[in-house]
Amino acid sequence: MRNAVSKYARFDRNGAVDWAAWLQEFGPRLLLYARQQTRSEADAEDVMQEALVQLVHAVDSGNFKGENSQWLSYTYTAIRHQAMDKGRREEVRKQYVEHEQDGMQEGEADEPWLHSPEDDDYLRARVEKLLKGLPPEYAEVIVLKIWGEHTFQEIANITGAKLPTITSRYRYAMQAMRKALENDPIEH
């Protein structure tokens, strides 16, 4: 059923996967998630690219076990694993360095990872500050739920955490952000 219209896959007239169309539709969500998982825009782009190459290779070689509706979840999971691997490699590299690179770390912390042309800079900065104020595992659930449009079960599958853990993280994150906004409301 490769020629059928699918919410998750795009095919050209010859029945081949139209990766450009798929990436145009799902790329922004995937990049947002990669930004949340990494420390810089460059790392996010690298991790996303590695995950996409992994997906394309698995699909084109016939090694992908599952339907095309699973490509997106597969890619989120691959991004997460690539980011963890990249983080581990960086940590090992950092252990060999005698001094910390303060200037570079400060610059990376200021790079926005929630941005799009229509975003209002003030609101983006506030939401980003709220998310960065959360523990990473809570911010991850918020990004996957709200911007990734995943169900809690899909998030549990992507992260490897149990469903009750995911729902608790979401609830805690929303409460923490609500409290932060009560103490410092967004100006209109």
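Predicted model: local features only at pLDDT ≥ 70, side-chain atom pairs only at ≥ 80, totals over all residues.

Trainee: How are helix H1 and helix H2 oriented to each other?

Mentor: Two packed helices are described by the angle between their axes and the distance between the axes. For H1 (residues 19-37) and H2 (residues 41-60), the angle is about 135° and the axes are 10 Å apart. An angle over 145 degrees would count as roughly antiparallel, and 65 to 115 as roughly perpendicular. H1 and H2 are therefore oblique to each other.

Trainee: How many nonpolar, polar and charged residues does the contact of H1 with H2 have?

Mentor: Residues in H1, including Trp19, Leu23 and Arg35, meet residues in H2, among them Glu41, Met48 and Asp60. By class, the contact of H1 with H2 has 4 charged, 1 polar and 12 nonpolar residues.

Trainee: How is helix H7 oriented to helix H8?

Mentor: The axes of H7 (residues 152-159) and H8 (residues 163-183) come within 9 Å and cross at roughly 110°. Angles of 65 to 115 degrees form one class. H7 is therefore, relative to H8, roughly perpendicular.

Trainee: Is Ile166 buried or exposed?

Mentor: Ile166 is found in helix H8, and this residue touches Val141, Phe152, Ile155, Ala156, Thr159 and Ala161, not counting residues up to four places away in sequence. Its relative accessible area is 0%. Since buried means under 20%, Ile166 is buried.

Trainee: What separates the C-alpha atoms of Ile166 and Phe152?

Mentor: Phe152 in H7 meets residues of H8, including Ile166. The two residues are 14 residues apart along the chain, and their C-alpha atoms are separated by 6.5 Å.

Conventions
Residues numbered from 1 in each chain as written. Heavy atoms only, no water. Axes fitted to C-alpha atoms, helices over the stretch in contact; angles between N-to-C directions. Helix = DSSP H or I, 4+ residues; strand = E, 2+ residues; numbered from the N terminus. Parallel < 35°, antiparallel > 145°, perpendicular 65-115°, else oblique. Contact = heavy atoms within 4.5 Å. Nonpolar A, V, L, I, M, F, W, Y, C, P; charged D, E, K, R; others polar. Buried < 20%, exposed > 50% of the residue type's maximum accessible area, 1.4 Å probe, protein only.
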